[in-house]
Amino acid sequence: MRQVFICQHRTCTKDGATKIWEIFKHQEISNVAIKTCGCMGLCGSGPMVVIRPDNVYYWHVTPQKAHAIIEMHLLGDTPIQSMMHPRLHQQ
Ligand code: FES
């Protein structure tokens with residue numbers, strides 16, 4: 001079971017995370033649970049979306065990027081390297 005965590009704490013919310021949550025929460029993808037979470041210590045990089053157990057940290061997620069994550073990562077099993085947090089993922 002994959003889990004998607006969408007930070008809904010203050011800084012990410014200020015950067016647009018509510019809209020990102022609204023996009024993800026309507027998705028019904030088998031074996032994928034969509035959850036909100038608190039601050040993950042990456043404020044300023046938000047909206048942050050983390051996929052477990054893949055351990056992929058997507059940063060500055062826009063609505064367009066959210067749809068790409070759904071299509072490519074969650075449905076297509078292809079993580080999107082170019083959208084991952086560069087400090088946490090080797091490019
Ligand atoms: S508020 Fe989202 S990482 Fe801190």
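Analyst: Helices (H or I, at least four residues) and strands (E, at least two) are DSSP runs, numbered from the N terminus. This is a predicted model: local features need pLDDT of at least 70, side-chain atom pairs count only at pLDDT 80 or more, and totals for chains, interfaces and linings use all residues. Residues are numbered from 1 along each chain as its sequence is written.

User: Does asparagine 31 count as buried or exposed?

Analyst: Asparagine 31 sits in the loop between H2 and S2. Its phi is positive, about 65°, although it is not a glycine. Buried takes 20 or more other C-beta atoms (placed from the backbone) within 10 Å of a residue's own, exposed 12 or fewer, partly exposed in between. Asparagine 31 has 8 such neighbours inside 10 Å, so it counts as exposed.

User: How does histidine 60 count?

Analyst: Histidine 60 is in the loop between S4 and H3. Its phi is also positive, near 45°. With 15 C-beta neighbours inside 10 Å, histidine 60 counts as partly exposed.

User: Where does proline 47 lie?

Analyst: The peptide bond from glycine 46 to proline 47 is cis, with omega near -5°. Proline 47 is in the loop between strand S2 (32–37) and S3.

User: What is the relative direction of H2 and H3?

Analyst: H2 and H3 pack at about 30°, with axes 9 Å apart. Angles under 35 degrees count as roughly parallel, over 145 as roughly antiparallel, 65 to 115 as roughly perpendicular and the rest as oblique. H2 and H3 are therefore roughly parallel.

Terms used: Axes are lines fitted to C-alpha atoms, for helices over the stretch in contact, and angles run from 0 to 180 degrees between N-to-C directions.
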